[in-house]
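Hi,

Here is the structure I promised to hand over.

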Amino acid sequence: MVASLSLPRIMHVGPGAADELGDVITGLGLSRPLLVTDAFLVGTGAAEHLKASLQKAGLHPQLFSDTVPDPTTDSLASGLKALHDHRSDSVIGFGGGSPMDTAKALAVLGVQGGRMRDYKAPQVNRGPALPVIAVPTTAGSGSEATQFTVITDSATDEKMLCTGPAFLPLATVIDAALTLSMPPRLTADTGIDALTHAVEAYVSRKANPFSDSLALPAITTIGRYLRRAYADGGDAEAREAMMLAATQAGIAFSNSSVALVHGMSRPIGAHFHIAHGLSNAMLFPAVTAFSVHAAPGRYADCARALGAATTADGDTVAAGKLVDALDELCRDLAVPTPRDYGIDQDAWHRLTPLMAEQALASGSPANNPVVPTADKIQELYSRIYAASSL
């Protein structure tokens, strides 16, 4: 199999990398970036600090901070207006997955126009688009290095996966110091998101030696450092390790794929407004348990990388230990079940058939070691809701 690989052209990684953002943009011959961020980073002063550093570098940035968690088609309208009013020649995504997803969508819509639905998978979008420069402040989504964006259709509540090189950042600036302010819940959710990316990239039907070479080290690093970062947000070593692992996992799944966890997660986020990483975490152990029998060797490799099994364990035993380890991780990081989170049981069961349909339509379940039917996905949703409380 020939793997088609895509990565950002420029990556600045390490302490102080954010201070080099102005030089990166200047070096690309750009001068009028739209700085896309959120209200939280405006409130902390981080967005204005970054804007000032860009101005000091001789650039002419414009701040747009009206992004929303899990961006919607409606939320893009004001961003497009800001983009055009500023005559932007580039877009900076500064924040977690939502600002970066918003920046990617604006970069494509700003040049090509149309509706976001026009770019929904299985459509592969190759451009043109404005250059995107990604500056992540969370260690989880991996969006800084992927050719994907996810936008919710405001009219239907469908989370649309949009894919292709048009959404791949041209440059990425990765500075773990930007993650030090993440609270424990966000640390946990984004960390499990990164672990899900790495495991799904490795067990995907589209896995390849390149994605494998990044997925397994990411799993190992997350196994060593996620609990530390959750327990102590000021642990700089753990934060730096998690940031690198999240980017590795992002590159891995961008060049392989995600699978059933993500396919089932997006509808939960769209209909119940649960953060993406948290909805992944709610699903991860049960979906893995459903899938392990179809690829025990691949899941066993993940278990050994995570530190949940050793080479003395046979593949079937090791794969089972991975499921147990994911259950334990979710307990340690206080991941709630849908019931614990407060989701109404009747609403969950009423929406289950639609969520199953939307999960399959995204294409991600087709990459899973076991490709489920809609009925099986509904059964999994029911089982996950009925799971034991924390």
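**What I found**

Strand S7 (residues 158–163) is mostly covered, with 6 of its 6 residues buried. Buried here means under 20% relative accessible area, with exposed over 50% and partly exposed in between (1.4 Å probe, protein chains only). Helices (H or I, at least four residues) and strands (E, at least two) are DSSP runs, numbered from the N terminus.

Before going on, the ground rules: this is a predicted model, where local features need pLDDT of at least 70 and side-chain atom pairs count only at pLDDT 80 or more, while totals for chains, interfaces and linings use all residues. Residues are numbered from 1 along each chain as its sequence is written, and side-chain values use heavy atoms, leaving out hydrogens and water.

Back to S7: both of its faces are covered, with Glu158, Met160 and Cys162 buried on one side and Lys159, Leu161 and Thr163 buried on the other. In a regular strand the side chains alternate between the two faces of the sheet. S7 runs antiparallel to strand S6 (residues 148–153), and 6 bridges join them; two strands count as paired if DSSP finds at least two bridges between them. Isoleucine 151 sits opposite methionine 160 in S7. S6 and S7 make a hairpin with 4 residues between them, and aspartate 157 in the turn has a positive phi of about 65°.

Then there's an open sheet of 6 strands, in the order S1-S8-S5-S4-S2-S3, with parallel pairing. Its edge strands, S1 (10–13) and S3 (62–64), each pair on one side only. The twist averages 15° from one strand to the next. S4 (residues 90–95) and S5 (residues 132–136) pair over 5 bridges, and isoleucine 92 is opposite isoleucine 133 in S5.

Two helices to look at: H3 (residues 46–56) lies across S2 (33–36), S3 and S4, at about 145° to S4. H5 (residues 97–112) lies across S2, S4 and S5, at about 170° to S4. Axes are lines fitted to C-alpha atoms (for helices, over the stretch in contact), and angles run from 0 to 180 degrees between N-to-C directions. Contact means heavy atoms within 4.5 Å.

Lastly, the cores, meaning sets of buried Ala, Val, Leu, Ile, Met, Phe, Trp, Tyr and Cys residues joined through side-chain atoms within 4.5 Å. The largest nonpolar core has 80 residues, and those with the most contacts inside it are Ile192, Leu195, Met264, Phe272 and Tyr381. Helix H8 (residues 236–254) gives the most to this core, with 10 residues. A second, separate core has 23 residues, including Ala82 and Tyr119.

Cheers
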